[in-house]
Amino acid sequence: QEQLVESGGGLVQTGGSLRLSCAASGRTFSSYTMGWFRQAPGKEREFVAAISWNGGNTLYADSVKGRFTISRDNARNTVLLQMSSLKPEDTAVYYCAAGPSANNLPRGTYGYAYWGQGTQVTVSS
């Protein structure tokens, strides 16, 4: 039932910053673990970051730790991904995902039941 819509993607040069937004519709957004994944052409979808239902816990892929920040605003049914120091390797379609709350934040796609349509992020050299 949860509908997720990503926005904020675009073209940015190496070293630049970009903020992705995920707007959710539905009654139970605040009960979900939220995650960001990305998928480059010809590659598997990979985990980027996750945040617990109340924002108290976060998890990042090693490749983005220190550069990306995930946050959420349950009052606005929104999850954000602030991306800084972007690299060409960050180029991908970025997907917002929602899954049931859990003690351990999931890194696998199996941990998320709802997915957005994706937004393209391109980092040029």
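This is a predicted model: local features need pLDDT of at least 70, side-chain atom pairs count only at pLDDT 80 or more; totals for chains, interfaces and linings use all residues.
Local features need pLDDT of at least 70 and side-chain atom pairs count only at pLDDT 80 or more, while totals for chains, interfaces and linings use all residues. Residues are numbered from 1 along each chain as its sequence is written, and side-chain values use heavy atoms, with hydrogens and water left out.

**Exercise 1.** Locate T91 and state which residues it touches.

Solution. Begin with the elements: helices (H or I, at least four residues) and strands (E, at least two) are DSSP runs, numbered from the N terminus. T91 lies in the loop between β8 (78–83) and β9 (92–100). Next take the contacts, meaning heavy atoms within 4.5 Å. Leaving aside residues up to four places away in sequence, T91 touches A40, Q120, V121, T122 and V123.

**Exercise 2.** Which backbone atoms does the side chain of T91 reach?

Solution. The criterion is the polar contact: a pair of N or O atoms within 3.5 Å, where within protein one must be able to donate a hydrogen and the other to accept it, and residues adjacent in sequence count only if both atoms are side-chain atoms. Another is the backbone nitrogen of V123, at 2.9 Å.

**Exercise 3.** Work out which strands pair with β9.

Solution. Two strands pair if DSSP finds at least two bridges between them. With β4 (32–39), β9 forms eight bridges in the antiparallel sense; here W36 stands opposite C96. With β11 (119–124), β9 has three bridges, again antiparallel, and A92 has V121 as its bridge partner. With β10 (residues 114–115), β9 pairs antiparallel over two bridges, where A97 stands opposite W115.

**Exercise 4.** Which members of the largest nonpolar core touch the most other members?

Solution. A nonpolar core is a set of buried Ala, Val, Leu, Ile, Met, Phe, Trp, Tyr and Cys residues joined through side-chain atoms within 4.5 Å. Of the 34 residues in the largest one, the answer is M34, W36, L81, M83 and Y94. Elements giving two or more residues to this core include β4, β8, β9 and β11. For Y94, the residues touched include W36, L81, M83 and V121.

Methods
Buried means under 20% relative accessible area, exposed over 50%, partly exposed in between (1.4 Å probe, protein chains only).
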